[in-house]
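Visitor: I am new to this structure and would like to go through it step by step. Please show it first.

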Amino acid sequence: MCKTFIAAILVDNRLHDAPKLQEILTKHGCIIKTRLGIHEAGESCSNQGLIILHMQATEDEIKAFENDVKQLEHVKLQYMNLEC
């Protein structure tokens, strides 16, 4: 059974973790319906960022995504389930 939910990913060290996180997001791209990336821009780009994902996935797909993201040292993942 598929679930629809919002995932928030906080990246505390973009310079270190962004390339690997991008690989993970690409690998699991079929379960990502919408992606929004936020970081402070200006004279110097912030090293912290936030990614909001609208996702639809099975329990197994969620676990696989979670396991990959949890391998990154400076990344935190939180979910909000959506109900019809």
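Visitor: How many bridges join strand E1 to E4?
Guide: Strand E1 covers residues 3-11, and E1 and E4 run antiparallel. Strands (E, at least two residues) and helices (H or I, at least four) are DSSP runs numbered from the N terminus, and two strands pair if DSSP finds at least two bridges between them. The model is predicted, so local features need pLDDT of at least 70 and side-chain atom pairs count only at pLDDT 80 or more, while totals for chains, interfaces and linings use all residues. Residues are numbered from 1 along each chain as its sequence is written, and side-chain values use heavy atoms, with hydrogens and water left out. The number of bridges joining E1 to E4 is seven.

Visitor: Which residue in E4 is the bridge partner of leucine 10?
Guide: E1 spans residues 3-11 and is joined to E4 by bridges. The partner of leucine 10 in E4 is lysine 76.

Visitor: In what order do the four strands form the sheet?
Guide: Strands of a sheet pair through backbone hydrogen bonds, either parallel or antiparallel. Here the pairing is antiparallel and the sheet is open. The order is E2-E3-E1-E4.

Visitor: Which strands stand at the edges?
Guide: An edge strand here has a single partner strand, so one side of it is left without a neighbour in the sheet. Neighbouring strands are turned by 15° against each other on average, direction ignored. The strands at the edges are E2 (32-39) and E4 (75-81).

Visitor: Over how many bridges do E1 and E3 pair?
Guide: E1 and E3 pair in the antiparallel sense. The number of bridges between E1 and E3 is nine.

Visitor: Which residue in E3 is the bridge partner of isoleucine 32?
Guide: E2 and E3 run antiparallel and are joined by seven bridges. In E3, the partner of isoleucine 32 is methionine 55.

Visitor: Which residues make up the uncovered face of E3?
Guide: E3 has a covered face with Gly49, Ile51, Leu53, Met55 and Ala57. Its uncovered face is made up of Leu50, Ile52, His54 and Gln56.

Visitor: Is alanine 57 buried or exposed?
Guide: Alanine 57 lies in strand E3 and is in contact (heavy atoms within 4.5 Å) with residues including Phe5, Ile31 and Ile62. Buried means under 20% relative accessible area, exposed over 50% and partly exposed in between, with a 1.4 Å probe and protein chains only. The relative accessible area of alanine 57 is 0%, so alanine 57 is buried.

Visitor: What is the relative accessibility of glutamine 56?
Guide: Glutamine 56 is placed in strand E3. Leaving out residues up to four places away in sequence, glutamine 56 touches Cys2, Lys3, Thr4, Ile31 and Lys33. Glutamine 56 counts as partly exposed, with a relative accessibility of 33%.

Visitor: At what angle do helix H1 and helix H2 pack?
Guide: H1 holds residues 14-27 and H2 residues 59-69, with their axes 10 Å apart. Axes are lines fitted to C-alpha atoms, for helices over the stretch in contact, and angles run from 0 to 180 degrees between N-to-C directions. Angles under 35 degrees count as roughly parallel, over 145 as roughly antiparallel, 65 to 115 as roughly perpendicular and the rest as oblique, so H1 is roughly antiparallel to H2. The packing angle is about 170°.

Visitor: Which residues of H2 make the contact with H1?
Guide: On the H1 side, the contact is made by Ile24, Leu25 and Lys27. On the H2 side, the residues are Phe65, Asp68 and Val69.

Visitor: Which strands does H2 touch?
Guide: H1 lies across E1, E2, strand E3 (49-57) and E4, at about 160° to E1. H2 also packs on the sheet, and its direction makes about 155° with that of E4. The strands touched by H2 are E1, E3 and E4.

Visitor: How far apart are the ring centres of phenylalanine 5 and tyrosine 79?
Guide: Rings of Phe, Tyr and Trp (its six-membered ring) pair if their centres lie within 6.5 Å, and planes under 30 degrees apart count as stacked, over 60 as edge-to-face and the rest as tilted. A search of the whole structure finds one aromatic pair. The planes of phenylalanine 5 and tyrosine 79 stand at 80°, so the pair is edge-to-face. The ring centres are 5.1 Å apart.
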